[in-house]
Amino acid sequence: NNMNRILVIEDDAPLCWLLERILRGNYEVIIMNNGLEAWSWLSDGNSCVLIISDVKMPSLDGIELLENLSNSGLFKNIPVMMLSGFEDSKDQCLALGAFAYLVKPFEPQKFLSEVNRAIAHHNEDVLISQ
């Protein structure tokens, strides 16, 4: 069931662990360590209701991933939440279509409410387009 699957792209193991703990009650969490892995996972026909991605990553960073997603007919409706230690790429990410941009460290509660907001938004889009 893809309806509650979240793809997390993050190479910081403690943060992955934290995100999984926050999300796992309500969502199935798939963790990829870089944008390239995630891109091939999606290209293999897997899908999810939300992508949570770090901005700075080796091999296909968050900005390039956003560009690829927004240019693809298939994935451009999946909301993307960007995580970063810095504010500096916020405007660029939002301009490329990111749904939200959170600066680490963030409040788990705030994070979860952004996740729920993104998924509700995605589900509305899905209902409208059917």
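Contact, as the word is used in these legends, means that heavy atoms lie within 4.5 Å. The model is predicted, and local features need pLDDT of at least 70, side-chain atom pairs count only at pLDDT 80 or more, while totals for chains, interfaces and linings use all residues. Residues are numbered from 1 along each chain as its sequence is written, and side-chain values use heavy atoms, with hydrogens and water left out.

**View 1. Pro-58 and the residues that it touches.** Pro-58 is placed in the loop between β3 and α3. Leaving aside residues up to four places away in sequence, Pro-58 touches Asp-11, Asn-34 and Gly-35. Of these, Gly-35 stands 23 residues from Pro-58 in sequence, and the two are 7.8 Å apart in space from C-alpha to C-alpha.

**View 2. Two backbone details in loops.** Most residues other than glycine have a negative phi, and most peptide bonds are trans. Leu-60, in the loop between β3 and α3, has a positive phi of about 75° although it is not a glycine. Lys-104 and Pro-105 are joined by a cis peptide bond, with omega at about -5°, and Pro-105 is found in the loop between β5 and α5.

**View 3. The whole chain and its elements.** The protein chain contains five helices and five strands, where helices (H or I, at least four residues) and strands (E, at least two) are DSSP runs numbered from the N terminus. Read from the N terminus on, the elements follow the pattern β-α-β-α-β-α-β-α-β-α. Along its principal axes, the C-alpha trace spans about 35 × 30 × 25 Å. A compact globule of 130 residues would have a radius of gyration near 14 Å, and the 13 Å of the protein chain agrees with this; the radius is taken over C-alpha atoms, and the globule rule is 2.2 Å times the number of residues to the power 0.38.

View 4. Five strands form an open sheet in the order β2-β1-β3-β4-β5, with parallel pairing, and two strands pair if DSSP finds at least two bridges between them. The edge strands, each pairing on one side only, are β2 (28-32) and β5 (100-103). From one strand to the next, the twist averages 20°. Strand β4 (residues 80-84) is joined to β5 by four bridges, and Leu-83 has Leu-102 in β5 as its bridge partner. Helix α2 (residues 35-43) packs on the sheet, where it touches β1 (5-9), β2 and β3 (50-54), and its direction makes about 150° with that of β1. For such angles, axes are lines fitted to C-alpha atoms, for helices over the stretch in contact, and angles run from 0 to 180 degrees between N-to-C directions.

**View 5. The second largest pocket.** A pocket is an open set of points on a 1 Å grid over the protein atoms alone, where a 1.4 Å probe fits, with protein on both sides within 12 Å along at least five of seven lines, and lining residues have an atom within 4 Å of a point. The second largest pocket has a volume of about 160 Å³. Of its 15 lining residues, the closest to the centre are Lys-76, Ile-78, Pro-79, Val-80 and Gly-97.

How values were computed:
Grid points are joined across faces, edges and corners, and a volume is the space filled by probe spheres set on the points.
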